[in-house]
Amino acid sequence: MADYNEMELMIVVASRQLEDGSSVGVGTGAPCAAAMLAQKMHAPDLLIMFEAGGVGPELRRMPISVGDSRTHYRGVRAGAMSDIMEPCARGMVDYTFLGGAQIDMYGNINSTVIGPDPAKPKVRLPGSGGANDYASYCWRTMVMTVHDRRRFVERVDFLTSPGYLDGPGARERAGLPADTGPYRVITNMAVIGYEEATKRMQVLSLNPGYTRGDVRENTGFELLWADPLGETEPPSDDELRILRNEIDPDRIFIGR
Amino acid sequence: MTILDQGGGEVFLDPDPDKARAFFRTKSRKQTTKRMDLRDAIETFLHDGDYFVLGGFGAVRAPIAAAHEIVRQGRRNMGLAGHTSTHDIQVLSAGGVFDRVDVAYVVGLEARGLSKASRNHFENGSVRVVEDSNHGLALRFKAAAMGVPFLPMRTTLGSDTYRYGCGKTVECPYTGKRIVLKPALYADVAVIHVHEADLFGNARFRGIQVSDIDVANSAKRVIITAERLVPHEEMVRQPETIGIPYYLVDAVCEVPYGAYPGTMPYEYYSDEHHLREWLSVEADAGAYREFIDTYVFDCADHDEYVMKCGGPDRLAQLRRIEYSLDMEERHG
């Protein structure tokens with residue numbers, strides 16, 4: 001079996017979610033690496049969008065900013081933010097990857113403030129940026145994150161970007177477009193989906209080397225478990241070779 | 001239309017399009033020379049208490065030279081739109097320039113990390129914050145550019161971003177669906193950095209637009225900073241490349257490397273080394289003060305700042321990093 005680190009595994013798992021001919025709104029870093037890997041492995045016609053206005057670039061090199069010229073190099077559009085948000089709103093963007101400081105069992109994400117009073121935050125974080133828009137509009141929202149109790153919390157301090165809010169039907173009642181919402185959470189320990197009936201996080205597979213106990217101990221709420229519980233397919237030699245040699249040769253994101 | 005629900009955030013600026021029309025009626029349509037020194041432009045058009053917007057995307061084509069000048073001139077009590085503000089708001093934080101912000105994205109420098117100096121302003125309670133999203137803010141500029149009081153959207157519903165924002169939820173008169181209305185944002189001043197402009201303020205830029213065209217159309221006063229001034233004849237030979245026409249513009253300033261240490265598409269890449277310095281020095285209050293004195297207050301202008309950071313040699317390196325994209329294709 002190939003030797004790999006957890007970030008490499010997460011990027012590989014994320015890349016496998018993106019099918020050929022679909023579209024994805026991504027930021028920089030690991031999600032961008034996942035989209036690039038998908039294009040080189042199985043999804044050459046994956047349409048990649050960056051919220052500052054870059055569409056369909058040839059990603060020879062990883063952008064540092066969501067707006068730098070690498071996000072539209074040999075692309076089909078270097079447009080405005082509305083050129084991204086409008087197709088999202090029209091239902092043309094299938095996937096997105098979001099990050100955040102906290103996530104709850106319904107996939108609600110906090111990237112705004114830590115602490116009980118938003119007016120006097122203990123930590124001020126960037127805010128929504130385009131995250132709420134992506135989470136509201138895209139058909140399937142995915143999260144890549146390290147798995148620990150500080151991040152997987154019972155209640156987010158601030159609901160920046162909507163997951164399933166407080167359960168089944170809540171997104172639709174709030175007025176969000178139907179059939180959208182959280183799809184996968186990809187962590188260093190497990191791959192997590194959402195149970196249809198409750199819209200709560202459900203562990204689909206454990207990553208090699210991790211147990212149910214590890215995942216439970218590092219999650220601040222009660223998880224559901226798929227039956228049978230799978231084991232995450234480790235990265236193949238091809239996936240690792242492309243990731244290391246072509247996507248992040250300086251190992252800025254995948255580390256050493 | 002019945003209001004079903006509304007966010008608790010302030011609307012900092014009057015969205016009334018007739019008040020905006022009364023102002024725009026008075027704005028000159030004459031194609032006169034608007035070339036100014038950046039210092040004079042900021043002094044003339046940006047006043048204490050104004051609400052302003054910086055174009056670009058934080059560290060991409062952002063008017064960083066103007067941000068330094070605003071800090072040097074000691075502007076206070078400013079309102080600001082944080083439409084993905086990264087290094088720009090980090091610079092403004094050094095001067096404590098703003099006291100109210102519409103926030104889509106602030107404080108962070110994307111993957112580079114969070115700015116402690118920016119965080120401090122938001123964490124000590126001295127800034128009134130209204131939460132927004134990037135689409136929300138983009139629509140507020142668009143509504144103002146269209147001369148309408150609001151535009152509808154289907155994002156932010158159900159979230160705290162909505163609850164701490166300034167949108168109102170209504171029932172759509174056509175479909176019965178819940179929809180959020182965002183008020184038009186007529187900023188007092190916009191500063192936008194571009195690749196090329198002529199003496200009259202006709203301006204063009206390359207790469208991502210963010211919301212800069214709508215911002216230029218909707219702000220009451222517009223300052224253009226340009227990498228280069230080019231002859232008017234050159235500009236009008238390709239009218240389709242002019243993103244911002246002269247009648248929107250009040251001042252045009254030639255500021256080479258005006259987005260440095262951010263990136264300027266097809267000109268120079270971001271100076272990641274210097275941006276890391278900005279972030280790391282914030283950990284130590286004394287060192288930070290010294291750093292800000294050296295790189296902001298003690299610089300007469302942006303040229304001096306750029307020279308302190310390595311000048312033309314450093315910019316030539318950054319130009320090579322930016323252009324290696326094209327190199328790759330030839331060698332690929």
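Which residue takes a positive phi in the hairpin of E7(B) and E8(B)? In this predicted model, the residue is Gly176(B), with a phi near 80°. The hairpin has six residues between its strands. E7(B) and strand E8 (residues 178-183) of chain B run antiparallel and are joined by four bridges. Within this pairing, Thr169(B) has Val180(B) in E8(B) as its bridge partner. E7(B), which covers residues 168-171, also pairs with strand E1 (residues 3-6) of chain B, again in the antiparallel sense, over three bridges. There, Val170(B) in E7(B) stands opposite Ile3(B). In a regular strand, side chains alternate between the two faces of the sheet.

The secondary structure of chain B consists of 13 helices and twelve strands. Its radius of gyration is 20 Å, close to the 20 Å given by the globule rule for 332 residues, so chain B is as compact as a globular protein of that length. The C-alpha trace of chain B spans about 60 × 50 × 50 Å along its principal axes. Buried residues make up 54% of the 332 residues of the chain. Of the contacts in chain B between residues at least 6 apart in sequence, 77% join residues at least 24 apart.

Helix H2 of chain B, residues 38-45, contributes four buried residues, namely Leu38(B), Ala41(B), Ile42(B) and Phe45(B). These residues lie on the same side of H2(B), because the arc they cover around the axis is only 95°. An α-helix has 3.6 residues a turn, so residues three or four places apart point the same way. The cover over the buried residues of H2(B) includes one helix, H3 (64-72), and the strands E9 (189-197), E11 (221-229) and E12 (251-254), which belong to chain B.

Chain A contains seven helices and 14 strands. For its 256 residues, a compact globule would have a radius of gyration near 18 Å, and the value for chain A, 18 Å, agrees. Along the principal axes, the C-alpha trace of chain A spans about 45 × 45 × 35 Å. In chain A, 55% of the 256 residues count as buried. Contacts between residues 24 or more positions apart account for 65% of those in chain A with a separation of 6 or more.

Helix H2 of chain A, residues 30-41, has twelve residues. From its first C-alpha to its last, H2(A) reaches 16 Å, close to the 16 Å expected at 1.5 Å a residue. Ten of the twelve residues are buried, so H2(A) is largely enclosed by the rest of the structure. Among the buried residues are Cys32(A), Met36(A), Leu37(A) and Gln39(A). Elements of chain A that cover the buried residues of H2(A) include the helices H1 (6-16) and H7 (237-247). Strands also take part in this cover, including E1 (23-25), E2 (47-49), E5 (95-98) and E10 (140-145) of chain A.

The contact between the chains takes 51 residues from chain A and 49 residues from chain B. On the side of chain A that touches chain B, the elements that give two or more residues are the helices H3 (82-90), H4 (131-137) and H5 (170-174) of chain A. H4(A) supplies the largest share of that side, four residues. By residue class, the side of chain A that touches chain B divides into 23 nonpolar, 20 polar and eight charged residues.

Definitions and conventions: Residues numbered from 1 in each chain as written. Chains lettered and ligands numbered in written order. Predicted model: local features only at pLDDT ≥ 70, side-chain atom pairs only at ≥ 80, totals over all residues. Buried ≥ 20, exposed ≤ 12 C-beta atoms within 10 Å, placed from the backbone. Arc of directions from axis to C-beta. Contact = placed C-beta atoms within 7 Å. Nonpolar A, V, L, I, M, F, W, Y, C, P; charged D, E, K, R; others polar. Rg over C-alpha atoms; globule rule 2.2 N^0.38 Å. Pairing = 2+ DSSP bridges. Expected span 1.5 Å × (residues − 1).
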